[in-house]
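Let's take a walk through this fold, helix by helix and then strand by strand. Keep the model open beside the text as you read.

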Amino acid sequence: MYPRIDFLYLSEPDMIAAGVLNAERCVTVCEETFSLLGEGDYLMGGANHNSHGLNIVFPKETKFPNMPVAGPDRRFAAMPGYLGGRFDVCGNKWYGSNHANAQKGLPRSVLTMMLNDKDTGAPLALMSANLLSAARTGGVPGVAAKHLANADSKVVSVIGCGPINKACFSAIMTQLKAVEKVVCFDIFLDKANEFAAWVRETYDVEAAGVDDAEAGFRGADVVTVAASRLKPLFFNDEWIKEGATILVSGPFNTEESFLTSAKIVYDHTSLQEAYVEDAVASGNKEAYYSGVIGGPFFRLIDAGKLPPLQDSTGLGDVVNGKKPGRETPKDRVIFIACGMAVFDISWGYECYQTALRNGIGQSLNLWEKPSQA
C-alpha cells in the first residue's frame with residue numbers, strides 16, 4: 001500500500017448511495033459507539049481526551065479588512081477523535097458555520113469528514129458530512145429512545161421542525177413501534193405543518209402542526225427537542241406527563257422543579273465534565289453555561305441541587321448494563337446529547353466500508369511516493 005497513498009472521496013450523492021440515510025443502521029452503529037464510550041475505548045481532543053472540539057470564533061471588531069467579524073452562529077470548528085473496537089480509526093469533522101448562509105441558499109453549516117489510518121496518519125477517506133452529521137445526531141437520541149423510553153409510547157412530540165429533528169425523529173421511529181400520533185411544534189406554523197405532512201406520508205400515522213409550545217409538550221410520551229440555538233425554548237414542569245421521555249439535542253430552558261425531579265441521563269459524563277472545565281477556564285463560567293446544552297444542569301450541580309457529574313449516568317453505562325436508565329414506567333426521564341466526534345467517525349467509517357464494498361466514490365492519489373524536502 002505504501003509509499004503510494006490513495007484515498008476515497010465521497011460526495012453527498014456517494015454518501016447517500018453508501019447508506020448514510022439508513023436511520024435504523026445508524027442507530028445500531030451509534031449504540032455500538034456508546035458501548036465503546038462506556039468502556040473508555042476512544043479519544044477526543046484536548047488534554048482530557050474529551051473535548052467536543054476546537055472552535056475559531058471571530059471578534060466583534062477587527063482592524064484587519066479581510067478578517068471575519070462575529071455573527072449569529074458564525075465559527076469554524078474541528079472535532080478530532082479516535083474510536084476503537086472494530087472501527088480502530090482516527091478522524092476529524094471540520095465545519096464552518098454561519099447563520100447568514102441561508103441568504104446564499106446554503107445550510108447553516110457546511111461539513112466535511114476525514115478518516116485517517118491510526119498508525120501512519122494517511123488519509124483513508126474524505127467525505128461530504130452534512131448528511132452524515134445529521135444522521136448521527138439523530139442516531140444518538142434513537143439509541144436513547146431504545147433504552148430510556150417506555151416501549152408502549154404512543155404520542156411523540158417534535159419540538160423544532162428543521163432537518164436535524166427530522167433525522168432525530170426518523171431514528172426514534174425505528175425504535176418505537178406503538179406510535180399512533182405525532183405533534184409537530186415550531187414557532188413558524190408553516191414549518192410545523194410541513195413536517196406533519198411529511199410524517200403522515202412517511203409513517204402513515206396521525207400528525208398535526210402547532211405553534212403553541214404547551215400544545216407541543218403536554219400529553220407527549222416522547223419529546224425530541226432540536227429547536228433553534230438562537231431562540232432556546234422554555235417549557236413548564238407541569239406540561240410533562242408522568243412517564244415521559246425528553247430527548248434533548250438542542251438548547252432549552254425549563255423550571256428547576258422538572259430538572260431536579262426527573263431522571264437525568266447524559267450522553268457521556270466525561271464530555272460534560274470537559275464542558276465544565278472549559279467553562280471554568282473561560283473566566284466567565286455563567287456565560288459559558290448559557291452557550292451549552294448542559295448549562296441548566298451545571299448550574300444546579302454547582303448549587304448542590306443535582307448530583308456531581310462523576311456520580312451521574314451516561315448512556316454508555318446504560319447500554320453496557322453498568323447503571324440503570326429508566327427504572328419504572330412512571331419515571332420522567334431527560335436525556336442530554338451534546339455531540340461527539342466519535343459518532344461522526346463511527347458512522348463515517350460504516351459508510352466508507354459500504355462504499356469500498358460497492359465501488360462507490362472516487363479514488364484520489366495523494367502521492368506516488370513522498371517528496372523529500
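For the angles below, axes are lines fitted to C-alpha atoms, for helices over the stretch in contact, and angles run from 0 to 180 degrees between N-to-C directions. Helices (H or I, at least four residues) and strands (E, at least two) are DSSP runs, numbered from the N terminus. This is a predicted model, where local features need pLDDT of at least 70 and side-chain atom pairs count only at pLDDT 80 or more, while totals for chains, interfaces and linings use all residues. Residues are numbered from 1 along each chain as its sequence is written, and side-chain values use heavy atoms, with hydrogens and water left out.

Start with helix α2 (residues 23-39), whose axis comes within 8 Å of that of α3 and crosses it at roughly 75 degrees. That makes α2 roughly perpendicular to α3, going by a scale on which angles under 35 degrees count as roughly parallel, over 145 as roughly antiparallel, 65 to 115 as roughly perpendicular and the rest as oblique. On the α2 side, the contact (heavy atoms within 4.5 Å) uses C26, V27, C30, E31 and F34. From α3 come A135, R136, G139, V140, G142, V143, K146 and H147. Sorted by class, these residues are seven nonpolar, three polar and three charged. Here Ala, Val, Leu, Ile, Met, Phe, Trp, Tyr, Cys and Pro count as nonpolar, Asp, Glu, Lys and Arg as charged, and the others, Gly among them, as polar.

Now follow α3 to its next neighbour. The axes of α3 and α4 come within 7 Å and cross at roughly 40 degrees, which makes α3 oblique to α4. The crossing is right-handed; a crossing gets that label if the near helix is turned clockwise from the far one by less than a right angle, and left-handed if anticlockwise. Among the residues in this contact are A134, G138 and P141 of α3 and I164, C168 and I172 of α4. The contact has nine nonpolar, four polar and no charged residues.

Helix α4 (residues 163-173) also meets helix α5 (residues 189-203), their axes coming within 12 Å and crossing at roughly 30 degrees. That makes α4 roughly parallel to α5. N165, K166, F169, S170 and M173 of α4 touch F195, W198, V199 and Y203 of α5.

On to the strands. Eight of them form an open sheet in the order β10-β9-β8-β11-β13-β17-β15-β16, with parallel pairing; two strands pair if DSSP finds at least two bridges between them. The edges are β10 (206-210) and β16 (313-314), each pairing on one side only. Further in, four bridges join β13 (residues 245-248) to β17 (residues 333-336), with V248 opposite I336. Helix α3 (residues 130-148) turns up again here: this helix packs on the sheet, touching β13, β15 (263-266) and β17, and its direction makes about 155 degrees with that of β17.

What about strand β1 (residues 5-10)? Five bridges join β1 to β18 (residues 362-367), running antiparallel, and three join β1 to β7 (residues 123-128), running parallel. Look at L8: this residue stands opposite S363 in β18, and its bridge partner in β7 is A125.

Finally, the aromatics. There are 17 aromatic pairs in the whole structure, counting rings of Phe, Tyr and Trp (its six-membered ring) with centres within 6.5 Å; planes under 30 degrees apart count as stacked, over 60 as edge-to-face and the rest as tilted. F87 and Y349 have ring centres 5.8 Å apart and planes at 80 degrees, so the pair is edge-to-face. F87 lies in the loop between β4 (75-83) and β5 (89-97) and Y349 in helix α12 (residues 341-358), so the pair ties together parts that are 262 residues apart in sequence.
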